[in-house]
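Biologist: I have the file open on my screen. Can you walk me through it?
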Amino acid sequence: MPNPKQKTAVPASRQATRDGANAKPRPRPRRPARTAYTRAEIAEIFRRFSVQRPEPKGELEHVNSFTLLVAVVLSAQATDAGVNKATRALFAVADTPQKMLALGEEEVGRHIRTIGLWRNKAKNVIALSQALIDRFGGEVPGDRDALVTLPGVGRKTANVVLNMSFGQPTMAVDTHIFRIGNRLKLAPGKTPEEVEATLVRIIPDEYMRHAHHWLILHGRYVCKARKPDCPACVIADICKAAEKTTDIPAPLVPIVPEEAAQ
Ligand code: SF4
């Protein structure tokens, strides 16, 4: 009868290497940040979000992909509500790059004067319109590399447009998603890019289309920055945040649109 212990015995030479006696120090590869959740837990989190908000919408008003792009550019360091107030009248007269150019920087500036950094943003909107006409036939390109070459457009803006206008499974990490990724240990990361990479890797394909909006709305209305509203949270039993105040999940019922858009 073979001794089962012999099967796993490690030769002395290899043991020495394993223990480091003969081993050369090797640089450790940087591990990608790990989620604290199992696959089943992640699927359950997003299943509940999908029941709660079956058709989540972004809160930036727009009428086509061009006006969405402009609205996202204007929303940097501004609230969606503040941007919507300004863009309603702007988009009524300029919903294409051609019309925006015809309006001119001064008039665009007049419309968006209530938004922070409006001078610079008006400049970018005009330069953006010109670039779309010169390089993309007046159309918004459905490609991240092309989008980020446009004035005022960074990776986050490109991801929002690709997700909302082109249905691509991108993850635009804003302040809410960055906080949730780290607070819940769902996608820990020091930069938005790290959080984005982990979320894109772990979220099941069938939930990627809406995951961006679910996380933003969850962060804006429930898992708030200053004080998370855990009793109102449908994933309280799964959440692994140190700050959570209850393990009892809120009833899983669809949120009526008026409430979602408050
Ligand atoms: S339980 Fe609390 S901390 Fe966890 S996700 Fe819900 S609101 Fe955020």
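Biologist: Start with Leu117. Is Leu117 buried, exposed or partly exposed?
Modeller: Leu117 is partly exposed, because 13 other C-beta atoms lie within 10 Å. The cut-offs: buried takes 20 or more other C-beta atoms within 10 Å, exposed means 12 or fewer, and partly exposed is in between, with C-beta atoms placed from the backbone. This is a predicted model: local features need pLDDT of at least 70, side-chain atom pairs count only at pLDDT 80 or more, and totals for chains, interfaces and linings use all residues. Residues are numbered from 1 along each chain as its sequence is written.

Biologist: Where is Leu117 found?
Modeller: In the loop between helix H6 (97–111) and helix H7 (118–136). Helices (H or I, at least four residues) and strands (E, at least two) are DSSP runs, numbered from the N terminus. Leu117 has a positive phi, near 60°, and is a residue other than glycine.

Biologist: And Gln77, what about its phi?
Modeller: Positive, about 55°, although Gln77 is not a glycine. Gln77 sits in the loop between H4 and helix H5 (80–93). Gln77 counts as exposed because it has 9 C-beta neighbours inside 10 Å.

Biologist: Back up. How many helices and strands does the protein chain have?
Modeller: The protein chain has 13 helices and zero strands. Buried residues make up 34% of its 262 residues.

Biologist: What share of the contacts join residues at least 24 apart?
Modeller: 56%, among contacts between residues at least 6 apart in sequence. Two residues are in contact if their C-beta atoms, placed from the backbone, lie within 7 Å.

Biologist: What is the mean pLDDT?
Modeller: The mean for the protein chain is 88, and 85% of its residues reach 70 or more. pLDDT is the predictor's confidence in each residue, from 0 to 100.

Biologist: Where is the pLDDT below 50?
Modeller: Over residues 1–23 the pLDDT is below 50, and this stretch has six contacts in the model beyond near neighbours in sequence. Residues 258–262 are also below 50, with four such contacts.

Biologist: Now the core. Which residues have the most contacts inside the largest nonpolar core?
Modeller: Leu69, Val73, Val108, Val125 and Val161, in a core of 60 residues. A nonpolar core here is a set of buried Ala, Val, Leu, Ile, Met, Phe, Trp, Tyr and Cys residues joined through C-beta atoms within 7 Å. Helix H4 (residues 65–74) gives the most to this core, with eight residues.

Biologist: Where does this core lie relative to the domains?
Modeller: Domain 1 (39–55 + 170–260) and domain 2 (65–166) both give residues to this core, so it lies between them. Those domain bounds come from an automatic or database domain assignment.

Biologist: What is Val108 in contact with?
Modeller: Leu90, Met100, Leu103, Ala122, Val125 and Ile126, leaving aside neighbours within four places in sequence.

Biologist: Switch to Trp214. Buried or exposed?
Modeller: Trp214 counts as buried because it has 20 C-beta neighbours inside 10 Å. Trp214 lies in helix H12 (residues 205–221).

Biologist: Which residues does Trp214 touch?
Modeller: Phe46, Phe49, Arg53 and Pro56, not counting residues up to four places away in sequence. Trp214 and Gly58 are 156 residues apart in sequence, and 9.6 Å apart in space, C-alpha to C-alpha.

Biologist: And Asn163, buried or exposed?
Modeller: Asn163 is buried, because 21 other C-beta atoms lie within 10 Å. Asn163 is found in helix H9. Leaving aside neighbours within four places in sequence, Asn163 is in contact with Gln168, Thr170, Ala172 and His212.

Biologist: What do the buried residues of H11 pack against?
Modeller: Helix H9 (155–166) and helix H10 (175–183). Those buried residues of helix H11 (residues 192–202) are Pro192, Val195, Glu196, Thr198 and Leu199.

Biologist: Last one. Which residues are closest to the ligand?
Modeller: Cys223, Pro228, Cys230, Cys233 and Cys239, out of 13 residues that surround the ligand. A residue counts as near if its C-beta atom, placed from the backbone, lies within 6 Å of the molecule.

Biologist: How does that shell split by class?
Modeller: Ten nonpolar, no polar and three charged residues. Ala, Val, Leu, Ile, Met, Phe, Trp, Tyr, Cys and Pro count as nonpolar, Asp, Glu, Lys and Arg as charged, and the others, Gly among them, as polar.
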